[in-house]
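Please open the structure in a viewer and keep the selection tool at hand.

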Amino acid sequence: MSEASERSVEQTVRHELSGGVGWITLDRPEALNAIDAGQRDRLIALLRQASADPDTRAVVLTATGRGFCTGADLRSRPGSGPGAGPPRPPGPGDVARTIRDGAQALVAAVLDCEKPVIAAVNGIAAGIGAHLALACDLVVAAESARFIEIFARRGLVPDGGGAYLLTRLVGVHKAKELIFLADDVPAAEALALGLVNRVVPDDDLESAAREWAERLAVGPTRAFALAKNLVNRALEVDRATAFREEADAVELNMATDDGREGVRAFAERRAPEFSGH
Ligand SMILES: CCCCCCCCCCCCC[C@H](O)CC(=O)SCCNC(=O)CCNC(=O)[C@H](O)C(C)(C)COP(=O)(O)OP(=O)(O)OC[C@H]1O[C@@H](n2cnc3c(N)ncnc32)[C@H](O)[C@@H]1OP(=O)(O)O
């Protein structure tokens, strides 16, 4: 039975809302924060709740120990409780459904979250754990962090949006290099590649993530959500569609309190106070 099942999923995937920032912390350092299906599903639920919660203005995703997340818990077996029989071999379509409903749903929950999501990568991010970090809007990495597109070491095809994310972030050739060779990518190299926004000393990771998160938490939340969606779609649509969706987003935003507050505050020579609505 995996360690995860001896502690509640609320203990190994912690959530705290503080100052408008939702902190989601993976806390199973003994397994480098590998995630089983229960932890994956809790992450999805927390991200979806954060998206809808008006009191959550920004999200930070981080972890404890020297692992951020090393992907699926390869030691957990769904339904492996006491008395469980031998694992049933997956039937036709079972694996594809697991990937759709699991790894892909997790990455989609980050991409679709209507709040800025910051990954504070404290250590090794491998497999779906790397994609969880790379799907975030901003990635702050500790100097000791490293990213591993590890699937080939396990004979697996990258899932959880790996090819989709990597190709957009680093281009076709570098994406194939990372996937085929499955080498460790240290934080400094990840920064040079454009995989992360910032690299900070390990001891400064939390404060660096907090500083960005708290700045975003008092910003125009709705405008951030609309802009996030435009950027996420920018590589998928043609110019006419992009321009139409941009114009629609600007119009939607102008109907919000914050959309009017910024210009009004400038005219009144005062700092804006964005409510997030
Ligand atoms: C999305 C969740 C799905 C949940 C369903 C579960 C079904 C799983 C079926 C797989 C198909 C799903 C695939 C998934 O969507 C995508 C993936 O993530 S596949 C990639 C899986 N991850 C890995 O292959 C990484 C495995 N780990 C390593 O290779 C190494 O640990 C490392 C990352 C290179 C680091 O190496 P070291 O620094 O030497 O550290 P150790 O190896 O000694 O590790 C320390 C300790 O942690 C345990 N551990 C590390 N990673 C995992 C892991 N992924 N699963 C379980 N346990 C892990 C390791 O065993 C050590 O424990 P100890 O032996 O000390 O008890």
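The model is a predicted one, in which local features need pLDDT of at least 70 and side-chain atom pairs count only at pLDDT 80 or more, while totals for chains, interfaces and linings use all residues. Residues are numbered from 1 along each chain as its sequence is written, and side-chain values use heavy atoms, with hydrogens and water left out.

**Stop one: helix H7**

Select residues 172-181, which form helix H7. Helices (H or I, at least four residues) and strands (E, at least two) are DSSP runs, numbered from the N terminus. Within H7, Ala175, Leu178 and Ile179 are buried. Viewed down the axis of H7, these buried residues fall within an arc of 95°, so they line one face of the helix; the arc is that of the directions from the helix axis to the C-beta atoms. Now turn to the face pointing away from the buried side, where His173, Phe180 and Leu181 are exposed. Just after H7, select Ala182, which takes a positive phi of about 55°.

**Stop two: salt bridges**

Side chains of opposite charge can pair when their charged atoms come close. A salt bridge is counted when a side-chain nitrogen of Lys or Arg is within 4 Å of a carboxyl oxygen of Asp or Glu. The structure holds 19 of these salt bridges.

Select Glu236 and Arg168, whose side chains meet in a salt bridge (3.7 Å, N to O). This pair links distant parts of the chain, 68 residues apart: Glu236 is in the loop between helix H10 (221-234) and helix H11 (239-254), and Arg168 is in helix H6. Glu236 is partly exposed, with a relative accessible area of 40%, and Arg168 is also partly exposed, at 34%.

Move to helix H9 (residues 205-217) and select Glu206 and Arg210, which are 4 residues apart and thus separated by about one helical turn. They form a salt bridge, with the closest N and O atoms 2.6 Å apart. Glu206 is partly exposed at 47% relative accessibility, and Arg210 is partly exposed at 26%.

Then select Glu245 and Arg233, a salt bridge in which the closest N and O atoms are 2.7 Å apart. Glu245 lies in helix H11 and Arg233 in helix H10, so the pair ties together parts that are 12 residues apart in sequence.

Finally, select Glu261, Arg264, Glu268 and Arg270 together: salt bridges link them in a network.

**Stop three: the cavity**

What does the structure hold in the way of cavities of 30 Å³ or more? There is 1 such cavity. A cavity is a set of points, on a 1 Å grid over the protein atoms alone, where a 1.4 Å probe fits but cannot get out; lining residues have an atom within 4 Å of a point. The largest cavity contains about 60 Å³ of space, a volume being the space filled by probe spheres set on the points.

To display its lining, select Ala130, Leu134, Phe147, Ile148, Glu149, Leu166, Leu178, Asp183, Val185 and Leu195. The elements giving two or more residues to this lining are helix H5 (128-134) and strand E8 (146-148).

Conventions:
Buried means under 20% relative accessible area, exposed over 50%, partly exposed in between (1.4 Å probe, protein chains only). On a 1 Å grid over the protein atoms alone, a cavity is a set of points where a 1.4 Å probe fits but cannot get out, and a pocket is an open set with protein on both sides within 12 Å along at least five of seven lines; lining residues have an atom within 4 Å of a point.
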